[in-house]
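This report looks at a few local features of one structure. Please have the sequence and the 3D view at hand while reading.

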Amino acid sequence: MTKNKVHQQPMSIDEQVDNLKGLGLIVKDEEYARMILNDISYFRLIKAYSLNLKDENGKYRSGITFEQLVELYLFNSNFRQILFSLIEMIEINARCRISNYIATKYGVFAYFDSENFVEEKYHKKFLDDVKKELIHNQKSPFVRNFIQNYERGDLPVYALVEICSFGMLSQLYKNMHNSDKKAIAEQYGVGYTYLQSWLESISYLRNICAHYGRLYNAKLSKSPVLYKQYTQLGINNYKVFGVMLCIKHILKEDKHWYEFVERLEMLLDKYKSVDVKTMGFPDNWKELLLEKI
């Protein structure tokens with residue numbers, strides 16, 4: 001039986017700097033390093049952004065500096081912010097289109113009826129999650145208004161989606177009948193099997209962004225189904241670039257997409273230590289992102 005590892009003892013900021021130097025990391029300005037490590041935890045910065053920068057013996061490769069790790073962290077932070085703004089657009093219009101479709105076809109309280117969905121157990125879980133969100137948002141003015149001043153005391157679907165997480169929304173869509181999913185997907189100009197996969201993976205990416213997670217050199221556990229034109233090029237669906245292609249197809253020719261690509265290029269020009277291949281970017285990444293659909 002393999003013996004479990006023993007937890008490391010805590011280190012002071014000075015000890016953290018000494019430990020990094022002992023591992024072969026070049027620390028040009030120790031005062032700067034101490035300042036950074038007092039603002040960003042050793043675990044968040046060093047453990048996460050040292051991936052692929054060490055040899056098998058656990059020592060840093062020759063020439064790796066503390067400043068490079070900070071660059072990777074800062075790139076990730078800025079990249080996450082500009083990507084989140086695109087995801088926000090998709091999340092808001094998905095709430096609108098899904099709720100509008102349900103309301104106009106089945107009625108504003110149709111989400112209560114399991115007949116409008118495929119799997120009853122997933123529908124039950126959705127309603128259980130709704131109850132939790134109602135409790136969590138019970139002090140919200142619009143929630144109180146519907147509960148206290150309307151005859152049923154329930155939220156119509158167009159209001160309900162405003163308290164649902166993006167993950168809940170994507171699962172609601174996934175559990176709709178194929179004909180309904182198809183009608184909604186047609187508004188995006190994509191097949192419903194793609195859209196349900198994309199919404200789920202974009203929702204997962206959204207949570208990484210919202211919780212200050214790492215996109216740089218990360219393997220995503222929720223991967224989208226990609227078009228054949230991309231898989232034939234060797235694009236990985238478990239890296240962030242694959243999800244970016246899905247976002248591109250949802251937003252299509254929206255001006256915000258082109259602004260995003262421009263800002264991304266500026267970030268890559270600013271942070272020279274970034275290796276885009278760790279995020280699944282091919283050599284012609286800009287061409288693919290700007291290619292007409």
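Is Val-130 buried or exposed? This is a predicted model. In it, Val-130 has 6% relative accessibility, and because buried means under 20%, Val-130 counts as buried.

## Surroundings of Val-130

Val-130 lies in helix α5, which covers residues 120-136. Leaving aside residues up to four places away in sequence, Val-130 touches Leu-160 and Met-168.

Val-130 and Tyr-42 are separated by 88 residues in sequence and, C-alpha to C-alpha, by 38 Å in space.

## Helix α12

Helix α12 runs over residues 240-251 and has 12 residues. From its first C-alpha to its last, α12 reaches 17 Å, close to the 16 Å expected at 1.5 Å a residue. Just after α12, Lys-252 has a positive phi of about 55°.

The helix is mostly covered, with 12 of its 12 residues buried. Among them are Lys-248 and His-249, along with Val-240, Met-244 and Leu-251. The buried residues of α12 pack against α4 (66-106), α10 (192-210), α11 (228-231), α13 (255-270) and α14 (285-290).

## Aromatic pairs

The whole structure holds 12 aromatic pairs. One of the pairs joins Trp-198 and Tyr-227 in an edge-to-face arrangement, at 5.3 Å centre to centre and with 75° between the planes. This pair links distant parts of the chain: Trp-198 belongs to helix α10, Tyr-227 to the loop between α10 and α11, and they are 29 residues apart. Both Trp-198 and Tyr-227 are buried.

Phe-241 and Phe-281 form a pair that counts as tilted, because their planes are at 50°; their ring centres are 4.9 Å apart. Here too, distant parts of the chain are linked, with Phe-241 in helix α12 and Phe-281 in the loop between α13 and α14, 40 residues apart. Phe-241 has a relative accessible area of 0% and is therefore buried. Phe-281, at 2% relative accessibility, counts as buried.

Phe-75, Phe-79 and Tyr-216 make up one aromatic cluster.

Which ring does the charged end of Arg-97 sit over? It is the ring of Tyr-188, with the charged end of Arg-97 at 4.4 Å from the ring centre. The charged end of Arg-152 sits over the ring of Phe-109, 4.0 Å from the centre of that ring.

Notes. Residues numbered from 1 in each chain as written. Predicted model: local features only at pLDDT ≥ 70, side-chain atom pairs only at ≥ 80, totals over all residues. Heavy atoms only, no water. Helix = DSSP H or I, 4+ residues; strand = E, 2+ residues; numbered from the N terminus. Expected span 1.5 Å × (residues − 1). Buried < 20%, exposed > 50% of the residue type's maximum accessible area, 1.4 Å probe, protein only. Contact = heavy atoms within 4.5 Å. Phe/Tyr/Trp six-rings, centres within 6.5 Å; stacked < 30°, edge-to-face > 60°. Lys NZ or Arg CZ within 6 Å of the ring centre and 35° of its normal.
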